[in-house]
Amino acid sequence: MRVRYITHLSKLDGLTLEERRRLEPVAARYAFRLNSYYERLIDWDDPDDPLRRLVIPLENELNEWGDLDASHEASYTPVRGCQHKYTDTALLLVNEVCGAYCRYCFRKRLFMNDNDDVSLDHRPGLRYIQEHEEITNVLLTGGDPLVLSTRRLDAILNDLAAVPHVRIVRIGTKMAAFNPYRVLDDPELPKILADYCDSGTQIYVMNHFDHPRELTSEARRAIGVLREAGVMMVNQCPIIRGVNDDPRVLAALFRELSFIGSPQYYVFQGRPTAGNEPYEVPIVEGYRIFTEANRQVSGLAKRARFAMSHRTGKIEIFGVDDSYIYMKYHRAHRKNDYGQVVVALRDDCAHWLDQLTVVSGPRSAARAAADYRPWGRGGRPRLPATPF
Ligand code: SF4
């Protein structure tokens, strides 16, 4: 099926002239992109439709809030287009375009004109990976690697498969949600992926479904095609205000994903990224939503962790009581931090570790909190804790 890309709000019949006029300045700051497949999934009669909220700009994105690189990815970039934060995993940012642009994206800086995070030439990153034998996993990301042609993707996979210590290549993609025809209309894609899986490089597709309505019959078929090719499938997404911040919606997503063989892997606390204020949910509320969603699903549907991709590591949030928030380093840049528990005073307005008062835990966490400089007009909000 022919799927058309839409890069101007003026091409959207679902918006009134007045809406287009108001939203143009937002799209001028944070790029807008949609496609005709996903456009049809939106209920244009509902201004609060979750899929509309996912891709259509909101005026309050222009509120001063957050950082463009909230997880300090630049400091883990040894060569252009390659990030290396955790010992065994490296990232190759191979593309700066996606099937559509999520308004809450934490990498929206890539879609701005002057970024040098992505490298369309993967060879410098490849050389870095070749020289680091501890790297067993490579994540292709961007942008969305499945926007690349199959030929280009094949060339990158071929180079990675030739590195003996690389055993897993992950493809981080939202194409099954944004445009499943990318998979359904290209028989060559599952064929090359099957060849890599058969010859010893396991391919994982890290899907990105945010809402159960994205699991259309086409999306489910695309997942089936990739699974048949021998690809392992998981899903990851953040909790997004107005999209999946209802435990029933998140539970339905977890449940359906477990049924189609792409179970939830991580649920992320939204990063405090510039432009993302309208989409963010505070940590305590996010933990409650995650816990209540898990309560409604089977064991296989609730294996995900609720985590913050902080600059010091991936910090799992595993408990909240009347006084404290309990966290643990699930991945850590500094090896000694791995497994360490972080306890912080409960703050129902805090969105990020840096805004919390850490009362016990490794120095990295305490320092992050101590170094905190308020972003935007919200500053460092403190409200009395309410019963959980
Ligand atoms: S698919 Fe991923 S990288 Fe692309 S806009 Fe959405 S969140 Fe950002």
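This is a short chat about a predicted model of one chain.

Q: What should I know about the numbering and the model before I start?
A: Residues are numbered from 1 along each chain as its sequence is written. The model is predicted, so local features need pLDDT of at least 70 and side-chain atom pairs count only at pLDDT 80 or more, while totals for chains, interfaces and linings use all residues.

Q: What pLDDT does the chain average?
A: The average is 94, and 96% of the residues score at least 70; pLDDT is the predictor's confidence in each residue, from 0 to 100. Over residues 377-388 the pLDDT is below 50.

Q: How many helices and strands are there?
A: The chain has 12 helices and 14 strands. These are DSSP runs numbered from the N terminus, with helices (H or I) of at least four residues and strands (E) of at least two.

Q: Switching to H10, where is that?
A: Helix H10 covers residues 247-259 and has 13 residues.

Q: Which of its residues are buried?
A: In H10, Leu 250, Ala 251, Ala 252, Leu 253, Phe 254 and Leu 257 are buried. Buried means 20 or more other C-beta atoms, placed from the backbone, lie within 10 Å of the residue's own.

Q: And what do they pack against?
A: The buried residues of H10 pack against strand E8 (232-238), strand E9 (264-268) and helix H11 (283-295).

Q: What follows H10?
A: Gly 261 follows H10, and its phi is positive, near 80°.

Q: Back to the whole chain, how much of it is buried?
A: Buried residues make up 45% of the 388 residues.

Key:
Contact = placed C-beta atoms within 7 Å. Expected span 1.5 Å × (residues − 1). Buried ≥ 20, exposed ≤ 12 C-beta atoms within 10 Å, placed from the backbone.
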